[in-house]
Amino acid sequence: MGTRGRPRHPDVLTPAEWRVVHLVRHGMSNREIAQRRGVSVDAVKFHVANALLKLGLHRRAELRTWRGVPADSALQRSGGTDMLQLGAIGQIARPVSDIEKAVEFYGDVLGLPHLYTFGDLAFFDCGGTRLFLSTSETAGEPSIIYFRVDNIQTAYDELSARGVDFEQAPHLIHKHDNGVEEWMAFFPDPDGHLLAIMAQVGP
């Protein structure tokens with residue numbers, strides 16, 4: 001006779017736990033994650049507690065520096081150079097006070113190709129560099145510059161060795177319908193303004 005219940009998941013975390021952990025590593029609170037995922041705060045707390053138990057971690061904050069990657073992630077199979085080389089600027093983030101007005105201005109007035117919109121987030125193409133607009137109450141804060149890297153794990157290790165103080169480990173930001181994954185890690189410059197490294201990994 002077989003065991004009862006769901007079969008054991010082949011990864012260290014379940015897909016639901018991974019989705020929550022990615023958002024924790026991105027710096028989101030339990031309430032923000034619940035709103036983003038459309039679940040209760042208690043459900044988020046449940047997944048966080050399960051993840052901590054499985055990983056042998058003691059505090060939620062430890063998830064932000066944990067280096068785990070899902071077993072089925074394209075990042076597990078990505079090659080790339082083992083030398084650090086910051087590539088072209090892949091994305092610039094700009095806070096805006098009104099996303100609808102901003103989309104109209106950057107798209108209709110400036111004529112930038114609109115890529116897609118998710119709620120209060122909008123993306124445009126600027127000759128190969130992506131412009132990321134997001135609603136913020138402090139629209140005057142500095143923009144975030146995202147540098148492309150070939151191998152985000154190598155870049156993270158090398159920059160950390162050089163004294164860069166990352167806010168969290170590389171983490172999955174988004175998985176596109178075509179299977180391409182976007183991984184990022186954020187760090188401050190000497191003035192405290194955010195920068196990031198980013199990698200797009202194909203399936």
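Reader: Start with Glu158. What is its relative accessible area, and how is it classed?

Author: This is a predicted model, so every value here is computed from predicted coordinates. Glu158 has a relative accessible area of 32%. That makes the residue partly exposed, because the class runs between the cut-offs of 20% and 50%.

Reader: Which residue does Glu158 form a salt bridge with?

Author: First the general idea. Side chains of opposite charge can pair when their charged atoms come close. Here the partner is Arg162. The closest N and O atoms are 3.0 Å apart. Arg162 is exposed, because its relative accessibility of 57% is over the 50% cut-off.

Reader: How many salt bridges does the rule give?

Author: The count is 4. Among them is the pair of Lys54 and Glu17, at 2.8 Å from N to O. This pair links distant parts of the chain. Lys54 sits in helix H3, residues 41–55. Glu17 sits in helix H1, residues 15–25.

Reader: Now take Glu182 and Arg130. What is the N to O distance in their salt bridge?

Author: It is 2.6 Å. Glu182 lies in strand S7, residues 181–188, and Arg130 in strand S4, residues 129–135. The pair therefore ties together parts that are 52 residues apart in sequence.

Reader: Are these two partners buried or exposed?

Author: Buried. Glu182 has 3% relative accessibility. Arg130 has 9%. Each value falls under the 20% cut-off, so each residue counts as buried.

Reader: Stay with strand S4. Which residues does Ser134 touch?

Author: Ser134 lies in that strand. Leave out residues up to four places away in sequence, and its contacts are Arg94, Pro95, Val96, Ile99, Asp120 and Leu121. Ser134 is buried too, with a relative accessible area of 17%.

Reader: How far apart are the C-alpha atoms of Ala155 and Gln85?

Author: They are separated by 7.5 Å. Along the chain the two residues are 70 apart. Ala155 belongs to helix H5, residues 152–161. It is buried, at 2% relative accessibility.

Reader: Now the surface. Which residues form the nonpolar patch?

Author: Phe105, Val109 and Leu110. Together they have about 290 Å² of accessible area. Val109 is part of helix H4, residues 99–109. At 58% relative accessibility, Val109 counts as exposed, because that is over 50%.

Methods. Residues numbered from 1 in each chain as written. Predicted model: local features only at pLDDT ≥ 70, side-chain atom pairs only at ≥ 80, totals over all residues. Heavy atoms only, no water. Patch = residues over 30% accessible without salt bridge, like charges linked within 9 Å, V, L, I, M, F, W, Y side chains within 5 Å. Areas by Shrake-Rupley, 256 points an atom, 1.4 Å probe, with all protein chains shown as cover. Salt bridge = Lys/Arg side-chain N within 4 Å of Asp/Glu carboxyl O. Helix = DSSP H or I, 4+ residues; strand = E, 2+ residues; numbered from the N terminus. Buried < 20%, exposed > 50% of the residue type's maximum accessible area, 1.4 Å probe, protein only. Contact = heavy atoms within 4.5 Å.
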